[in-house]
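Welcome, and please take a look at the model below.

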Amino acid sequence: MAAVCLMLLAGRPAAAQSSCPSSVFPIGLDEAITVSTTSIGFTAATIANNGNPAVRADCSIATDNIRYRVTGAAPSATVGVLVLASAGQFTVCGEQIVKQIRFIRQTADAALYCSYYSRSP
């Protein structure tokens with residue numbers, strides 16, 4: 001089973017079944033994501049990383065609150081786990097979760113900036 005972890009960097013887990021891998025390597029790719037009224041995930045080509053997939057994403061959030069679902073199903077403004085813009089940063093862990101997570105804004109468009117990491121350089 002894939003490791004699953006979404007942590008607020010303030011140290012309080014938002015949802016966790018196991019911890020993030022401790023030995024990860026930056027894949028040298030990151031992206032800015034506008035989270036709006038249609039659910040969105042990480043860009044597939046970016047996280048696929050030419051066969052060395054991302055297993056962790058470190059993200060900062062600005063502008064407004066977002067909601068997420070890790071099942072691949074679309075969240076809505078009222079359904080999904082809430083991440084407050086005031087949290088500042090969060091981490092998504094596990095290859096499957098990085099592939100499946102979907103975000104949506106709560107009230108106004110939000111900005112995410114994410115950096116990705118893999119298990120090998």
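## A buried cysteine

Cys-59 is buried, with a relative accessible area of 2%; here buried means under 20% relative accessible area, exposed over 50% and partly exposed in between, using a 1.4 Å probe and protein chains only. Cys-114 counts as buried too, at 0% relative accessibility.

Before going further, a word on the ground rules. This is a predicted model, in which local features need pLDDT of at least 70 and side-chain atom pairs count only at pLDDT 80 or more, while totals for chains, interfaces and linings use all residues. Residues are numbered from 1 along each chain as its sequence is written, and side-chain values use heavy atoms, leaving out hydrogens and water.

## The disulfide

What does Cys-114 join to? A disulfide links Cys-59 with Cys-114, with an S to S distance of 2.3 Å; the criterion is a pair of cysteine sulfur atoms within 2.5 Å. Cys-59 lies in strand S4 and Cys-114 in strand S9, so the pair ties together parts that are 55 residues apart in sequence.

The torsion about the S-S bond of Cys-59 and Cys-114 is about 115 degrees, so this disulfide is right-handed. A search of the whole structure turns up one disulfide.

Strand S4 covers residues 54-62, and seven of its nine residues are buried, so the strand is largely enclosed by the rest of the structure. Strands here are DSSP runs of E with at least two residues, and helices are runs of H or I with at least four, both numbered from the N terminus.

S4 has a pairing with S9 (residues 110-118), antiparallel and built on eight bridges; two strands pair if DSSP finds at least two bridges between them. Within that pairing, Asp-58 has Ser-115 of S9 as its bridge partner. S4 is also joined by five bridges to strand S7 (residues 89-93), and these two run antiparallel. There, Cys-59 meets Phe-90 of S7 as its bridge partner.

## The protein as a whole

Stepping back, the protein has two helices and nine strands. Read from the N terminus, the order of elements is β-β-β-α-β-β-β-β-α-β-β.

Of the 121 residues, 39% count as buried. Among contacts (heavy atoms within 4.5 Å) between residues at least 6 apart in sequence, 76% join residues at least 24 apart. The accessible surface comes to about 6,100 Å², with 54% of it belonging to carbon and sulfur atoms; such areas come from the Shrake-Rupley method with a 1.4 Å probe, and for residues only the protein chains shown count as cover.
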